[in-house]
Amino acid sequence: MSGDRLMRIHSPEFRAMSERVLRVTELTSRLNVLPFEDEEGKAELFGRILGRPLPAGVTVYPPFYTDHGLNLDLAERVFINQNCTFLDYAGIRLGERVMVGPKATFITVGHPVDPGERRGWLSGAPIDVAENVWIGAGATILPGVSIGRDAVIAAGAVVADDVPPASLVTGGKAAVRRTW
């Protein structure tokens, strides 16, 4: 995975990303209406979304959402429950035996805080989740976060900073940091 990214909106790179997002949105729309037992259909669509087959033992329960797909790296025995979202343009890696609860969201892209730059740029940084992590239902993992091995992210937590191994992270209360 690459490091932090900054991309100008209305650039060739942004247009290429936007085209990929449209293609993947169409593919995930098809995936999410397949009968649950259609393993062959799901495997074919995941292969197109991710650019490769799902690794051995990976379980993903639809509905499933991603905006890019090609930068979502799932190790063996990952479990992703229903209604999860992976905005993976800057890269998301889930290590072996990671469990992701329903409605969890992983976001690798955003916009600058400065209002003058907000509509002109996309910013982003990869998310890295080590082995045997449990991400609780409704948790949100923000750009640039690394989560250490065996950590637990509580349901509803908003994770904006790195998480040490073998730790429990809770909380989702918003706080005013500055005004302009």
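**Reading the model**

Mentor: Leaving aside neighbours within four places in sequence, K42 is in contact with L31, L34, F36 and P62. Contact here means heavy atoms within 4.5 Å. This is a predicted model, in which local features need pLDDT of at least 70 and side-chain atom pairs count only at pLDDT 80 or more, while totals for chains, interfaces and linings use all residues. Residues are numbered from 1 along each chain as its sequence is written, and side-chain values use heavy atoms, with hydrogens and water left out.

Trainee: Where is K42 placed, and is K42 buried or exposed?

Mentor: K42 sits in helix 2. Helices (H or I, at least four residues) and strands (E, at least two) are DSSP runs, numbered from the N terminus. Buried means under 20% relative accessible area, exposed over 50%, and partly exposed in between, with a 1.4 Å probe and protein chains only. K42 has 6% relative accessibility, so K42 counts as buried. From K42 to R149 there are 107 residues in sequence and 29 Å in space, C-alpha to C-alpha.

Trainee: How do I read a pair of packed helices?

Mentor: Two packed helices are described by the angle between their axes and the distance between the axes. Axes are lines fitted to C-alpha atoms, for helices over the stretch in contact, and angles run from 0 to 180 degrees between N-to-C directions. In this model, helix 1 and helix 2 pack at an angle of about 165°, and their axes are 10 Å apart. That makes helix 1 roughly antiparallel to helix 2. The cut-offs are under 35 degrees for roughly parallel, over 145 for roughly antiparallel, 65 to 115 for roughly perpendicular, and oblique for the rest.

Trainee: Is the crossing of helix 1 and helix 2 left-handed or right-handed?

Mentor: The crossing is left-handed. A crossing has that label if the near helix is turned anticlockwise from the far one by less than a right angle, and is right-handed if clockwise.

Trainee: Which residues in helix 1 and helix 2 meet?

Mentor: From helix 1, R20, V24, L27, T28, R30 and L31 meet K42, L45, F46, R48 and I49 of helix 2. The residues of this contact divide into six nonpolar, one polar and four charged. Ala, Val, Leu, Ile, Met, Phe, Trp, Tyr, Cys and Pro count as nonpolar, Asp, Glu, Lys and Arg as charged, and the others, Gly among them, as polar.

Trainee: How should I read T25?

Mentor: T25 also has its place in helix 1. Its relative accessibility is 38%, so T25 counts as partly exposed. T25 and L45 are 20 residues apart along the chain, and their C-alpha atoms are separated by 12 Å.

Trainee: What is a nonpolar core?

Mentor: In soluble globular proteins, nonpolar side chains tend to be buried together. A nonpolar core is a set of buried Ala, Val, Leu, Ile, Met, Phe, Trp, Tyr and Cys residues joined through side-chain atoms within 4.5 Å. The largest one here has 36 residues, of which L94, F106, I135, I147 and I153 touch the most other members. Elements that each supply at least two residues include helix 1 (12-31), helix 2 (39-50), strand 4 (72-74) and strand 7 (92-94). Helix 2 gives the most to this core, with four residues. A second, separate core of seven residues includes I9, M17, V109 and L122.

Trainee: What does L94 touch?

Mentor: Not counting residues up to four places away in sequence, L94 touches D73, L74, A75, V78, I80, F86, V100, F106 and V129. L94 is found in strand 7 and is buried, with a relative accessible area of 1%.

Trainee: What should I look for in the backbone?

Mentor: Most residues other than glycine have a negative phi, and most peptide bonds are trans. H10, although not a glycine, has a positive phi of about 75°. H10 lies in the loop between strand 1 (5-8) and helix 1, and is exposed, with a relative accessible area of 65%. N83 is not a glycine either, and has a positive phi of about 65°. N83 is in the loop between strand 5 (79-80) and strand 6, and at 28% relative accessibility counts as partly exposed.

Trainee: Which residues does a cis peptide bond join?

Mentor: The cis bond joins P62 and P63, with omega about 5°. P63 lies in the loop between strand 2 (59-60) and strand 3 (64-66).
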